[in-house]
Amino acid sequence: VRAFNTRSVFEMEYRLCRADGEYRWILDRGTPRYTPEGAFAGYIGSCVDITERRRLEVDLRNSVRVRDDFLSVASHELGTPLTSLRLMVETLLRTVRRLSGDSETTRLLETHVSGVEDQVLRLSGLVETLLDVSTITQGRLSVSPEPLDLSALVQRVVTRMGQVASDAACPVLIQTPGPVQGVWDRQRTEQVVTNLLSNAFKYGAGKPVEVRVTVDEGAARVQVIDRGIGIPVEKHAVIFERFERAAPKNQYGGLGLGLWISRRALEEMGGAIHVESQEGAGACFEIELPRHT
């Protein structure tokens with residue numbers, strides 16, 4: 001038995017046994033009606049058989065679960081050979097660079113092997129993204145906090161991405177107050193900073209990028225500032241959702257997952273991510289991490 005407020009519309013779903021013994025799902029909707037004097041006169045509504053819809057919903061949930069399981073298994077299975085391939089390519093590239101002479105053949109070989117390395121790194125990044133999507137969707141995203149120096153971590157990421165910045169013609173200026181100690185997940189924090197820098201180089205190519213680390217008693221913050229195409233104000237919330245993006249897909253590549261994964265990773269650490277931007281005026285992304293030293 002369920003009681004209803006006679007002043008509001010009601011809606012309920014329940015199972016009903018037909019005369020032939022089969023149970024069906026029914027959706028009941030009703031709208032209250034009143035006399036000219038304002039007295040409640042009853043409901044007017046409908047009862048709709050939604051059994052097939054409920055079956056489709058169950059099938060859809062099962063399909064999504066199977067898809068997520070597949071993505072998880074596929075990501076793990078692809079990760080192992082990709083790691084081995086990456087190590088082999090790195091070894092081959094070092095060998096090529098040690099070859100004596102400065103022949104055209106040697107230079108051409110180094111160029112091709114470097115290209116293979118770039119594609120392997122790109123493929124590894126896509127596999128890691130798929131694994132993150134599967135993990136987050138299944139509610140299994142975990143973090144492993146450890147004592148970190150945020151300034152050193154940011155400096156390390158910027159150094160590692162030096163070639164990417166050079167290819168995008170983006171000089172990087174770093175401002176830090178010195179060591180910034182805290183307890184955060186190293187891998188996830190590096191992942192977030194890497195994603196923000198990648199976006200800055202992509203959407204602000206040819207212009208300087210600033211990285212600022214600040215700290216107070218309660219939180220540490222990292223700002224990544226570019227002077228690129230900017231983000232319309234109405235898109236600020238949307239870009240942190242899955243598969244959403246503000247830039248035209250035909251002009252900028254990507255899956256629209258990086259900021260969503262970053263937001264979820266930061267939330268697991270008790271942090272947050274914000275953006276300040278206007279279309280055509282660059283963007284400032286700020287991540288905030290609570291300090292638990």
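Predicted model: local features only at pLDDT ≥ 70, side-chain atom pairs only at ≥ 80, totals over all residues.
Residues are numbered from 1 along each chain as its sequence is written, and side-chain values use heavy atoms, with hydrogens and water left out.

**The whole chain**

Show the chain as a cartoon, and you will find 6 helices and 10 strands, where helices (H or I, at least four residues) and strands (E, at least two) are DSSP runs numbered from the N terminus. Of the 293 residues, 35% are buried, a word that here stands for under 20% relative accessible area, with exposed for over 50% and partly exposed for what lies in between (1.4 Å probe, protein chains only). If you switch to a surface view, the accessible surface comes to about 17,600 Å², of which 54% belongs to carbon and sulfur atoms; such areas come from the Shrake-Rupley method with a 1.4 Å probe, and for residues only the protein chains shown count as cover.

**First stop: Y14**

Select Y14, which is found in strand β1 (residues 10-17) and is partly exposed, with a relative accessible area of 23%. Leaving aside neighbours within four places in sequence, Y14 is in contact (heavy atoms within 4.5 Å) with R24, W25, I26, D28 and C47.

**Second stop: Y43**

Now select Y43 in strand β3 (residues 40-49), a partly exposed residue with a relative accessible area of 32%.

Finally, move to D226 in strand β8 (residues 219-226). D226 is buried yet has no salt bridge, and the nearest side chain of opposite charge, R227, is 7.9 Å away; a salt bridge would need a side-chain nitrogen of Lys or Arg within 4 Å of a carboxyl oxygen of Asp or Glu, and in assigning charge Lys and Arg count as positive and Asp and Glu as negative, with His and the chain ends not counted. Select G228 last, where the backbone nitrogen lies 2.8 Å from a polar atom of the side chain of D226.

Notes. Polar contact = N/O pair within 3.5 Å; in protein donor to acceptor, adjacent residues only side chain to side chain.
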